[in-house]
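Please describe this structure for a reader who has not seen it before. Cover its salt bridges, its pocket, its core and some individual residues.

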Amino acid sequence: MSEPTQVREEISSFCALCVSRCGAIATVEDGRLTSLSADPSHPTGRALCIKGKVAPELVYHPDRLEYPMKRTQPKGAADPGWQRISWDVSVVRVFGTKSGVN
């Protein structure tokens with residue numbers, strides 16, 4: 001049997017992890033971000049800070065939040081009692097209204 005073909009792309013992008021928005025090249029293998037490197041052709045792409053360099057680890061970290069959470073205990077409590085809530089509920093809690101939510 002032949003080995004499965006791995007699709008590898010290098011995509012011009014920028015790092016959004018700080019205000020500098022450094023020019024970057026995102027390496028994507030089989031649809032998964034595997035690395036972010038500086039893009040020397042971009043005005044802010046001479047270097048990439050540690051935040052940018054670890055971007056793939058942040059994206060795929062098992063403890064990364066993927067949905068809104070609500071604190072159920074007061075600030076300062078040993079256990080904040082985080083509870084998962086829906087996106088609609090989170091928008092209402094932040095903006096105070098559901099108008100305009102699709």
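A residue is called buried under 20% relative accessible area, exposed over 50%, and partly exposed in between, with a 1.4 Å probe and protein chains only. R8 has a relative accessible area of 51% and is therefore exposed. The model is a predicted one, in which local features need pLDDT of at least 70 and side-chain atom pairs count only at pLDDT 80 or more, while totals for chains, interfaces and linings use all residues. Residues are numbered from 1 along each chain as its sequence is written, and side-chain values use heavy atoms, with hydrogens and water left out.

**Salt bridges**

A salt bridge is a side-chain nitrogen of Lys or Arg within 4 Å of a carboxyl oxygen of Asp or Glu. How many salt bridges does a search of the whole structure find? The search finds two, and they are listed here.

| Pair | Closest N to O |
|---|---|
| E29 and R8 | 3.3 Å |

Helices and strands are DSSP runs numbered from the N terminus, helices being H or I with at least four residues and strands E with at least two. Through shared partners, the salt bridges join R8, E10 and E29 into one network. E10, like R8, is exposed, whereas E29 counts as partly exposed because its relative accessibility is 23%.

Contact means heavy atoms within 4.5 Å. Not counting residues up to four places away in sequence, T27 touches R8, E9, E10, R32, L33, T34 and S35.

**The largest pocket**

On a 1 Å grid over the protein atoms alone, a pocket is an open set of points where a 1.4 Å probe fits, with protein on both sides within 12 Å along at least five of seven lines; lining residues have an atom within 4 Å of a point. The largest pocket holds about 160 Å³ of space, a volume being the space filled by probe spheres set on the grid points, which are joined across faces, edges and corners. Its lining consists of S13, F14, C15, A16, L17, A26, L33, L36, A55, L58 and V59. Two or more lining residues come from each of β1 (8–14), β3 (32–38) and α2 (55–60). Which element gives the largest share? That element is α2, with three residues.

For classes, Ala, Val, Leu, Ile, Met, Phe, Trp, Tyr, Cys and Pro count as nonpolar, Asp, Glu, Lys and Arg as charged, and the others, Gly among them, as polar. On this basis the lining has 10 nonpolar residues, one polar and no charged ones.

**The largest nonpolar core**

A nonpolar core is a set of buried Ala, Val, Leu, Ile, Met, Phe, Trp, Tyr and Cys residues joined through side-chain atoms within 4.5 Å. The largest such core has eight residues: C15, C22, A24, A26, L33, L36, L48 and A55. At least two residues of this core are supplied by β2 (23–29), and at least two by β3. In soluble globular proteins, nonpolar side chains tend to be buried together.

A24, one of the core residues, is in contact with I11, S12, S13, F14, C15, L36, S37, A38, D39 and L48, leaving aside neighbours within four places in sequence.

**Loop residues with positive phi**

Most residues other than glycine have a negative phi, and most peptide bonds are trans. R21 is not a glycine, yet has a positive phi of about 50°. R21 lies in the loop between β1 and β2 and is partly exposed, because its relative accessible area is 38%. D30, also a residue other than glycine, has a positive phi near 50°. The loop between β2 and β3 holds D30.

**Two residues of helix α3**

S90 is found in helix α3, residues 87–95. S90 counts as buried because its relative accessibility is 13%. Residues up to four places away in sequence aside, S90 touches P68 and I85. The C-alpha atoms of S90 and Y67 are separated by 9.5 Å, and the two residues are 23 residues apart along the chain.

V91 is found in helix α3 as well. With a relative accessible area of 26%, V91 is partly exposed. The C-alpha atoms of V91 and P68, 23 residues apart along the chain, lie 9.5 Å from each other.
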